[in-house]
Amino acid sequence: MSYVDEVLEIVQKKNADQPEFLQAVTEVLDSLRPVIDANEELYRKNAILERITEPDRQIIFRVPWVDDKGQVQVNRAFRVQFNNAIGPYKGGLRLHPSVNLGIIKFLGFEQIFKNSLTTLPIGGGKGGCDFDPKGKSDREIMAFCQSFMTELCKYIGADVDVPAGDIGTGAREIGYMFGQFKRIRGSYEGVLTGKGLTYGGSLVRTEATGYGLLYLTEELMKCHGESMQGKTVCVSGAGNVAIYAIQKAHQMGAKVVTCSDSTGWIYDPDGIDVELLKDVKEVKRARLTEYAAARPNAQYHEGRGVWQIKCDIALPCATQNELLLEDAKQLVANGCKAVCEGANMPTTLDATKYLQENGVWFVGGKAANAGGVATSALEMSQNSERLSWSFDEVDAKLKNIMVTIYHNIDDAAKRYGVEGDYVAGANIAGFEKVVQAMLAQGVC
């Protein structure tokens with residue numbers, strides 16, 4: 001049995017109740033076979049795969065808070081510090097009812113390689129809670145965030161672990177958490193990213209994941225002799241990533257015709273109105289039915305369906321496992337040329353394989369959505385230097401990072417004889433840097 005298969009068997013036995021984590025590990029290790037087979041003796045002797053698939057630590061704690069009716073509520077929270085071989089743990093905090101240990105581990109594992117790809121010195125981690133911020137008052141959000149940080153602050157720091165936002169965790173939540181950290185620790189440091197501009201945040205951070213996704217997609221198209229100009233794009237999601245991906249796609253001359261939320265989706269043949277979408281989702285925090293009501297040609301549909309619309313480029317920006325095999329078949333049938341992931345692992349393994357086998361240029365989230373964490377690391381740099389950069393400076397650095405990521409994953413795929421397989425290329429490029437650091441630092 002090969003080393004990869006041995007470790008997959010161990011991981012499956014230890015984590016049988018964590019399907020998302022198993023899916024992520026299987027996808028990564030399978031694509032790394034050429035690298036691991038070429039270095040099997042060294043990696044086996046140093047237990048590299050066992051170490052990289054087992055988190056440094058997994059922290060689970062309860063979060064008690066009082067709602068507006070005076071009732072005490074209790075949630076379960078997690079912080080998984082996965083690997084800090086190349087820098088402090090770095091990864092977001094997800095607030096959503098679906099959050100469990102397996103999902104946080106999958107996200108933290110993916111973060112190791114994504115952070116490595118940014119070329120910046122940040123390790124992999126992730127956290128979150130099964131708290132649902134939807135429908136909560138500002139006071140309830142503050143009560144939860146303060147209780148959450150009262151425990152989390154014991155395990156994080158600017159040179160230890162630097163959390164950021166994620167699904168359900170925006171500027172409001174980061175602000176409340178940062179205030180509580182400062183209050184308890186008596187320390188003003190860059191311990192969280194995604195902060196407000198008045199207290200250490202970075203310009204472009206809000207736009208970073210969506211913008212970065214398009215910078216990489218544009219480079220992908222360019223290197224295949226194509227342009228973004230005039231392309232029809234389908235986007236899923238209507239959160240931070242989706243909104244700014246749509247905005248940047250329009251700036252590049254493409255037309256985005258779809259978006260979605262947890263209840264339904266919009267098809268707007270005239271192109272999504274970004275300002276209206278921002279008003280509906282960021283200001284009113286309403287459903288997409290309000291978007292459709294304001295746009296006479298827009299069609300609202302309940303449930304799923306974004307990927308049935310004919311497009312040149314598909315950008316899944318909602319959540320994990322949202323693009324299924326039947327969706328991939330529809331995209332291929334409609335002539336889709338490229339799929340780049342704005343969300344974390346939004347495409348199932350069988351859908352990914354189908355897209356790749358049918359000639360679609362597919363770039364996974366580790367590479368394609370790394371703009372968010374890259375800009376978080378740029379925020380860390382600004383905090384450390386006690387200064388701030390202009391929008392254009394940060395945006396230029398972000399674009400350079402995303403273009404570099406594309407060429408690094410393209411080069412890695414070519415070096416190991418899998419040219420055009422950008423999933424394998426991303427995993428290989430991210431893995432090589434982390435493993436070199438692990439070997440240099442000994443058994444730790």
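Analyst: Two strands pair if DSSP finds at least two bridges between them. Strands are DSSP E runs of at least two residues, helices are H or I runs of at least four, and both are numbered from the N terminus. The model is a predicted one, with pLDDT of at least 70 required for local features and 80 or more for side-chain atom pairs, while totals for chains, interfaces and linings use all residues. Residues count from 1 along each chain as its sequence is written, and side-chain values use heavy atoms, without hydrogens or water.

Start with the hairpin. β7 and β8 form it, with 3 residues between them. β7 covers residues 255-260, β8 covers 264-267, and 3 bridges join the two in antiparallel fashion. Across this pair, S260 faces W265 of β8.

β8 has another partner. Its pairing with β9 is also antiparallel and runs over 4 bridges. There G264 sits opposite E302 of β9. In general, the strands of a sheet pair through backbone hydrogen bonds, either parallel or antiparallel.

Now widen the view to the sheet. It is open, has 7 strands and mixed pairing, and reads β9-β8-β7-β6-β10-β11-β12. The edges belong to β9 (299-302) and β12 (361-363). Each edge strand has a single partner, so one of its sides has no neighbour in the sheet.

R94 is buried at 5% relative accessible area (buried is under 20%, exposed over 50%, partly exposed in between; 1.4 Å probe, protein chains only). Its side chain makes a polar contact of 3.1 Å with the side chain of Q320. Such a contact is an N or O pair within 3.5 Å; within protein, one atom must be able to donate a hydrogen and the other to accept it, and sequence neighbours count only if both atoms are side-chain atoms. Beyond four places in sequence, R94 touches a list of residues that includes V99, I103, L107, D166, T319 and N344. Contact here means heavy atoms within 4.5 Å.

N344 leads on to K114, which touches N344 as well. K114 lies in helix α6, residues 101-117. Like R94, K114 is buried; its relative accessible area is 6%. G124 is 10 residues from K114 in sequence, and their C-alpha atoms are 8.1 Å apart.

K366 turns up again at a cavity. Voids come from a 1 Å grid over the protein atoms alone: in a cavity a 1.4 Å probe fits but cannot get out; a pocket is open, with protein on both sides within 12 Å along at least five of seven lines; lining residues have an atom within 4 Å of a point. Points join across faces, edges and corners, and volume is the space filled by probe spheres set on them. The whole structure holds 2 cavities of 30 Å³ or more. Two or more lining residues come from each of α2 (19-31), α14 (349-357), α15 (365-368) and α18 (422-440). α18 gives the largest share, 4 residues.

The second largest pocket has a volume of about 200 Å³. α2, α14 and α18 each give its lining at least two residues.

Last, two backbone points. Most residues other than glycine have a negative phi. V204 has a positive phi, near 80°. V204 sits in the loop between α8 (171-185) and α9 (208-223), and is buried at 2% relative accessible area. R386 also has a positive phi, about 60°, without being a glycine. R386 lies in the loop between α16 (371-385) and α17 (391-415). In contrast to V204, which is buried, R386 is exposed at 66%.
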